[in-house]
Amino acid sequence: MSRKLELKDIVLIGRTFDEYYKMFGISSIDGKKEKILDVASGVSSFCAEANSKGYNVTASDRIYCFSAEEIEGKCIKDLELTIKNLSDVKDLYRWELYKDIEDLKKQRKKAYTRFIEDFKRKRDTIYIETEYPKSNFKDKQFTVSLISHFLFMYDEHLDYEFHKQTIKEIIRITSKEIRIFPIVNLKGEKSMFVNKLMSDDNFTMYKMQIVKVNYEFIKGGNEMLIIKVK
Ligand SMILES: C[S@@+](CC[C@H](N)C(=O)[O-])C[C@H]1O[C@@H](n2cnc3c(N)ncnc32)[C@H](O)[C@@H]1O
């Protein structure tokens, strides 16, 4: 049986601005000129940090109907569980970006702490409760959408139809491009949905490209998929 990080459901783990910047190769776009949507942003601090740096970012996740205290309680538990499970599969990961498990835990805690603080203040403006594959955003409301650790990664929990409907919806609300990272699943294997999506008749009018990025934590997970919508 192949090994993987065991998670009962999709966990509330969040990443920081620096992590998003590398994962999505944000230096290759004029980020501050874009209207960015963070899809399934959860307890990531990307939105909070980016907006304070002059970017224009909206966050969307199904958990934003809960209170800051409820979210914080769940993400403390999820972080403990993830860290505990990680020690059994430590060798599947590269320990360069993070020195060790303790260092990783510190980064993840930094992300959710910053998120919670921002969420308490801006809950009704930039943290939009959204249950994909549906959303209430307007057609082409955003120029760039970023999808981190949601599609492809959880290909055992979310089936192909869910991937397809979610991507259709993100295409409806995005005018330039969609970036998805990583394209590997929890086992560290390229998700079988990547090639399926790239050859799906529903999407042949969009240029799709796999691009290497300067971020690799799970071994082999150093590529993103770009879907050009324009
Ligand atoms: C592993 S977290 C990733 C968070 C963030 N994107 C990051 O990389 O730091 C996955 C997120 O997906 C969210 N999620 C799961 N299913 C969803 C759905 N159907 N609609 C919206 N969000 C969903 C969860 O609530 C969780 O916050």
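Biologist: Which residues of α4 are buried in this predicted model?

Modeller: In α4 of the predicted model, the buried residues are Ile101, Asp103, Leu104, Arg108, Ala111, Tyr112, Phe115, Ile116, Asp118 and Phe119. They pack against α1 (17–23), α2 (46–52), α3 (68–86) and β3 (127–129).

Biologist: How do you know that the span of helix α4 agrees with what 22 residues should give?

Modeller: Helix α4 covers residues 101–122, and at 1.5 Å a residue its 22 residues should span 32 Å. The end C-alpha atoms of α4 are 31 Å apart, so the two values agree.

Biologist: What describes a pair of packed helices?

Modeller: Two packed helices are described by the angle between their axes and by the distance between those axes. For α3 and α4, the axes come within 11 Å and cross at roughly 170°.

Biologist: Why is α3 called roughly antiparallel to α4?

Modeller: Angles over 145 degrees count as roughly antiparallel. The crossing angle is roughly 170°, so α3 is roughly antiparallel to α4.

Biologist: Which residues meet where α3 contacts α4, and what classes do they belong to?

Modeller: Residues of α3 including Ile71, Cys75, Ile76 and Leu79 meet residues of α4, among them Leu104, Arg108, Tyr112 and Phe115. By class, this contact has 13 nonpolar, no polar and seven charged residues.

Biologist: Why is Thr16 called buried?

Modeller: Buried means under 20% relative accessible area. Thr16 has 4% relative accessibility, so Thr16 counts as buried. Thr16 lies in the segment before α1. Not counting residues up to four places away in sequence, Thr16 touches Ser45, Phe46, Glu49, Gln107 and Ala111.

Biologist: What makes Ile29 buried?

Modeller: Its relative accessible area is 17%, and the cut-off is under 20%, so Ile29 is buried. Ile29 lies in the loop between α1 and β1 (35–39). Leaving aside neighbours within four places in sequence, Ile29 is in contact with Val144, Glu177 and Arg179.

Biologist: How do you know that Asn222 is buried?

Modeller: The relative accessible area of Asn222 is 15%. That value falls below the 20% cut-off, so Asn222 is buried. Asn222 lies in the loop between β6 (207–212) and β7 (223–228). Its contacts, leaving aside neighbours within four places in sequence, are Phe181, Val211, Lys212, Val213, Tyr215 and Glu216.

Biologist: Which residues have the most contacts inside the largest nonpolar core?

Modeller: They are Phe46, Tyr127, Phe150, Ile180 and Leu197, in a core of 79 residues. Beyond its neighbours within four places in sequence, Tyr127 is in contact with residues including Cys47, Ala59, Tyr64, Phe115 and Phe119.

Conventions. Residues numbered from 1 in each chain as written. Predicted model: local features only at pLDDT ≥ 70, side-chain atom pairs only at ≥ 80, totals over all residues. Heavy atoms only, no water. Helix = DSSP H or I, 4+ residues; strand = E, 2+ residues; numbered from the N terminus. Buried < 20%, exposed > 50% of the residue type's maximum accessible area, 1.4 Å probe, protein only. Contact = heavy atoms within 4.5 Å. Expected span 1.5 Å × (residues − 1). Axes fitted to C-alpha atoms, helices over the stretch in contact; angles between N-to-C directions. Parallel < 35°, antiparallel > 145°, perpendicular 65-115°, else oblique. Nonpolar A, V, L, I, M, F, W, Y, C, P; charged D, E, K, R; others polar. Core = buried A, V, L, I, M, F, W, Y, C linked by side-chain atoms within 4.5 Å.
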